[in-house]
Amino acid sequence: TTLVGTLSLAAATCAALGLAIGALAPSADLALAAGIPVMIVHMVLGILNPAGTAETKPPSAAVSLASHASPIKWSIRALCCAELRGMELERRSLKEAPRMGGLALVRSGDEVLERLGLSGSSCRQCCGRLGRLLAAELALAYVGLRLQRPKYTSMAQARAEEERERGGVDGA
């Protein structure tokens with residue numbers, strides 16, 4: 001249930017991000033153009049270090065802020081914590097073990113989390129971050145919809161305009 005709950009929360013958060021981008025953009029084309037770079041930035045900043053080691057140098061303030069706004073970051077961390085916490089890994093012979101990298105010769109899931117820099121994190125904590133991110137994105141979407149105020153035309157005005165256009169074409 002933790003897996004399904006985390007993935008559902010991540011999907012809702014990503015959908016809210018798309019809604020916020022669409023609500024803030026003045027046109028659909030601009031929303032599509034802005035959405036792709038935002039998704040790429042979240043994907044790049046949301047992953048864990050593939051070398052299997054914790055960050056040694058802290059990122060800049062802008063990168064850190066963008067990273068904390070990534071739903072991918074929090075969902076990956078939540079899933080890693082849920083899956084690896086308390087897990088005992090199968091012991092292998094030294095011939096089969098990786099010879100290098102941050103995850104060489106690990107014996108437990110807790111050791112993996114420690115090497116990834118997630119020893120102080122929990123699934124509940126990461127899902128809480130996802131929930132707060134979801135709320136912030138929905139609030140941003142609401143503000144965007146209030147600012148952009150979709151403009152609607154009444155049916156009577158649309159018909160009158162359509163008849164005028166037809167009359168001008170037929171009368172020529």
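Reply: In helix 4 (residues 71–84), the buried residues are P71, K73, W74, S75, R77, A78, C80, C81 and L84, where buried means under 20% relative accessible area, exposed over 50% and partly exposed in between (1.4 Å probe, protein chains only). The model is predicted, so local features need pLDDT of at least 70 and side-chain atom pairs pLDDT 80 or more, whereas totals for chains, interfaces and linings use all residues. Residues are numbered from 1 along each chain as its sequence is written, and side-chain values use heavy atoms, without hydrogens or water.

Helices here are DSSP runs (H or I, at least four residues; strands are E, at least two), numbered from the N terminus. Helix 4 has 14 residues and reaches 20 Å from its first C-alpha to its last, close to the 20 Å expected at 1.5 Å a residue; the expected span is 1.5 Å times one less than the number of residues. Its buried residues pack against helix 1 (2–24), helix 2, helix 3 (61–68), helix 5 (109–115) and helix 6 (123–148), contact being heavy atoms within 4.5 Å. Just after helix 4, G86 takes a positive phi of about 80 degrees.

As to the cysteines, a search of the whole structure finds zero disulfides, a disulfide being a pair of cysteine sulfur atoms within 2.5 Å. C81 is in no disulfide, and the nearest cysteine sulfur, that of C126, is 4.9 Å away. C81 counts as buried because its relative accessibility is 3%, whereas C14, at 37%, counts as partly exposed.
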